[in-house]
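Thanks for coming. I have one model to go through, so please keep the sequence and the structure in view while I talk.

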Amino acid sequence: MLPQDPIILLSYVNTKLRDEYPSLDALCEDLDTDRDELVRRLEGVNYVYSPEHNQFI
């Protein structure tokens, strides 16, 4: 289960992307998470996914 607080979610996802996953798609598939919903939640706090950096910035 992913954190509900968007700032904690941001930290959690970026740490996972940095340490364990080569892409957002790989993370979402492995965690059985809806990619579009995750992106929307983090866009709600002004962060967008950068494939180049493999993190939300």
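First, what we are looking at. This is a predicted model, so local features need pLDDT of at least 70 and side-chain atom pairs count only at pLDDT 80 or more, while totals for chains, interfaces and linings use all residues. Residues are numbered from 1 along each chain as its sequence is written, and side-chain values use heavy atoms, with hydrogens and water left out.

Let me start with the core. A nonpolar core here is a set of buried Ala, Val, Leu, Ile, Met, Phe, Trp, Tyr and Cys residues joined through side-chain atoms within 4.5 Å. Buried means under 20% relative accessible area, exposed means over 50%, and partly exposed is in between, with a 1.4 Å probe and protein chains only. The largest such core has 14 residues, and those touching the most other members are Val13, Leu17, Leu24, Leu27, Leu38 and Phe56. Which elements give two or more residues to this core? They are helix H1 (6-19), helix H2 (24-31) and helix H3 (35-43). H1 gives the most, with 4 residues. Helices are DSSP runs of H or I with at least four residues, strands are runs of E with at least two, and both are numbered from the N terminus. As background, in soluble globular proteins, nonpolar side chains tend to be buried together.

Take Leu38 from that list. Contact means heavy atoms within 4.5 Å. Not counting residues up to four places away in sequence, Leu38 touches Leu2, Leu9, Val13, Leu24, Leu27, Cys28 and Thr33.

Leu17 is another one. Leu17 sits in helix H1 and is buried, at a relative accessible area of 2%. With residues up to four places away in sequence not counted, Leu17 touches Ser23, Leu24, Leu27, Tyr49, Asn54, Gln55 and Phe56. Leu17 and Asn54 are 37 residues apart along the chain, yet their C-alpha atoms are separated by 6.4 Å.

How many aromatic pairs does a search of the whole structure find? It finds 1. Rings of Phe, Tyr and Trp (its six-membered ring) pair if their centres lie within 6.5 Å; planes under 30 degrees apart count as stacked, over 60 as edge-to-face and the rest as tilted. The ring centres of Tyr49 and Phe56 are 5.4 Å apart and the planes are at 55°, so this pair is tilted. Tyr49 and Phe56 are both buried.

Now the helix packing. Two packed helices are described by the angle between their axes and the distance between the axes. Axes are lines fitted to C-alpha atoms, for helices over the stretch in contact, and angles run from 0 to 180 degrees between N-to-C directions. H1 and H2 pack at about 110°, with axes 10 Å apart. They are therefore roughly perpendicular to each other; that label covers 65 to 115 degrees, with under 35 roughly parallel, over 145 roughly antiparallel and the rest oblique. On the H1 side the contact is made by Tyr12, Val13, Lys16 and Leu17, and on the H2 side by Leu24, Leu27 and Leu31.

Lys16 of helix H1 is worth a look. Is Lys16 buried or exposed? With a relative accessible area of 17%, Lys16 is buried. Beyond its neighbours within four places in sequence, Lys16 is in contact with Tyr21 and Leu27.

Across from there, Leu31 belongs to helix H2 and is partly exposed, with a relative accessible area of 28%. Leaving aside neighbours within four places in sequence, Leu31 is in contact with Leu2, Tyr12 and Tyr21.

Last, two backbone points. Asp32 has a positive phi of about 50° although it is not a glycine. Asp32 is in the loop between H2 and H3 and counts as exposed, at 73% relative accessibility. Asn54 also has a positive phi of about 50° and is not a glycine. Asn54 lies in the loop between strand S1 (49-50) and strand S2 (55-56), and is buried, with a relative accessible area of 12%. Recall that Asn54 is among the residues that Leu17 touches.

That is the tour.
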